[in-house]
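Please keep the sequence and the structure in view throughout.

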Amino acid sequence: MASAALIALVQAQAPKRPYCAFVKNNAIVRRREIALAAPYLQLNPPAHRSWIILDIDRSGASHAWEDAALPVPTYCAINRENGHAHIGYALSAPVCTSAAARLAPLRYLAAIEYAYTAKVHADAAFTGPLAKNPIHPKWQLWEPANAPVYELGYLADFVDLTTKQLPRDAGLGRNCDLFDGLRDWAYSAVRQFWRPRGEDLWRAAVRLQAESLNTFTVPLNSSEVAGIARSVARYVWRRYTPTKFREVQAARGRLGGIASGAARLISSEDKRVSARLMAANGMSTRAIADELVVGKSTVARWVSHEAISGNSTVGFNSSA
């Protein structure tokens, strides 16, 4: 039977109208009060990740975390018939995955999730949203005392993120890959829409491009694609305007082709963002400095500023 602490945690973090299932693969949307009584439940809300859930399809799965020297999970929900299990880690600070998402914490979470999946040999194709409901009596439950919750930095200490190449089809890696590909396209494509009433056409074009890039083995659902498209469209439209473009071009012309102060500022901002993303993926200060051709002290200042001012639910445009 689930502890009072785990019950309270699941109830607090579950969506108001989650997907649930009383029979596997027959998902329905119900009020939270009804859904909590189902054996399969959507634990993560649609706008953020509160849990890392590992799906381990083999006998003795509940001991996989111990065999892989990972931290004690918040719970293990075990199939009584075959020993397969879901291992759940509750996050102390949920990571935003909606239109307001920042790429750095999303990429950081994706890297940790992939590394944990690899260490316990969990199903890399598992994406939810349904998981074994740990407070339902259908499952054999194992949990430590007081339903522990974890910071991403603590979870990252148990895996080597510097050696993990995040596959584009692995869990949240799909969100990161779509963010990257869509932004790269948008920076140059936006100039085609600089005209009266062009913003509506621009938003529609970004959505179509996002759909065309959603070619993963297990595609992102429509709401996730729409959220990423809205975020990228809004940021690029506000940041890359005709006026700013002409100012940069004029400054470059006055300097005879030498990069202007404005252009250098843009380049520096790009490097700062890159440094923060590399740090979030576990790269060392020295490796980042070598990659970006800057001093180690500069990288340390950029990363330190991000750590002080960052927040996992701050808007996308603060790290794009």
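Predicted model: local features only at pLDDT ≥ 70, side-chain atom pairs only at ≥ 80, totals over all residues.

Does Ala147 count as buried or exposed? Ala147 counts as buried, because its relative accessibility is 7%, and buried means under 20%. Ala147 is placed in the loop between E8 and E9. Asn146 also lies in this loop, which runs between strand E8 (140–142) and strand E9 (149–150). With a relative accessibility of 66%, Asn146 counts as exposed, since exposed means over 50%.

Most residues other than glycine have a negative phi. Asn146, although not a glycine, has a positive phi of about 70°. Ala147 is not a glycine either, yet its phi is positive, at about 45°.

The wider setting can now be described. The chain contains twelve helices and nine strands. It has 320 residues, of which 45% count as buried. Among the contacts in the chain with a separation of 6 or more, 72% are between residues 24 or more positions apart. The chain exposes about 15800 Å², and carbon and sulfur atoms supply 53% of that area.

A further loop, between strand E7 (130–132) and E8, holds Asn133. Asn133 counts as buried because its relative accessibility is 0%. A polar atom of the Asn133 side chain lies 3.0 Å from the backbone oxygen of Leu36. Leaving aside neighbours within four places in sequence, Asn133 is in contact with Val10, Ala35, Leu36, Ala38, Pro39, Tyr40, Leu41 and Trp139.

Helix H4 (residues 103–120) and H6 have axes that come within 8 Å and cross at roughly 145°. The crossing of H4 and H6 is left-handed. On the H4 side, the contact is made by Leu103, Leu106, Arg107 and Ala110; on the H6 side, by Gly173, Asn175, Cys176, Phe179, Asp180 and Arg183. Sorted by class, this contact of H4 with H6 comprises five nonpolar, two polar and three charged residues.

H6 also packs against H8. Helix H6 (residues 173–189) and helix H8 (residues 222–239) meet at an angle of about 35°, and their axes are 10 Å apart. This crossing of H6 and H8 is right-handed. From H6, the residues taking part are Asn175, Leu178, Phe179, Leu182, Arg183, Ala186 and Tyr187, and these meet Glu224, Val225, Ile228, Ala229, Ser231, Val232, Tyr235 and Val236 in H8. Of the residues in the contact of H6 with H8, eleven are nonpolar, two are polar and two are charged.

Asn175 links the two descriptions. This residue of H6 takes part in the contact with H4 and in the contact with H8. Asn175 counts as buried because its relative accessibility is 2%. Apart from neighbours within four places in sequence, Asn175 is in contact with Leu106, Leu220, Glu224 and Ile228. The C-alpha atoms of Asn175 and Leu103 are 8.9 Å apart, although the two residues are separated by 72 residues in sequence.

The side chain of Ser222 is joined to that of Arg207 by a polar contact of 3.2 Å. Ser222 and Glu211 are eleven residues apart along the chain, and their C-alpha atoms are separated by 8.5 Å.

Not counting residues up to four places away in sequence, Lys271 touches Leu292, Val293, Val294 and Trp302. For one of these, Val293, the C-alpha to C-alpha distance from Lys271 is 9.6 Å, with the two residues 22 apart in sequence.

Technical notes
Residues numbered from 1 in each chain as written. Heavy atoms only, no water. Axes fitted to C-alpha atoms, helices over the stretch in contact; angles between N-to-C directions. Helix = DSSP H or I, 4+ residues; strand = E, 2+ residues; numbered from the N terminus. Left-handed = near helix turned anticlockwise from the far one by under 90°. Contact = heavy atoms within 4.5 Å. Nonpolar A, V, L, I, M, F, W, Y, C, P; charged D, E, K, R; others polar. Polar contact = N/O pair within 3.5 Å; in protein donor to acceptor, adjacent residues only side chain to side chain. Buried < 20%, exposed > 50% of the residue type's maximum accessible area, 1.4 Å probe, protein only. Areas by Shrake-Rupley, 256 points an atom, 1.4 Å probe, with all protein chains shown as cover.
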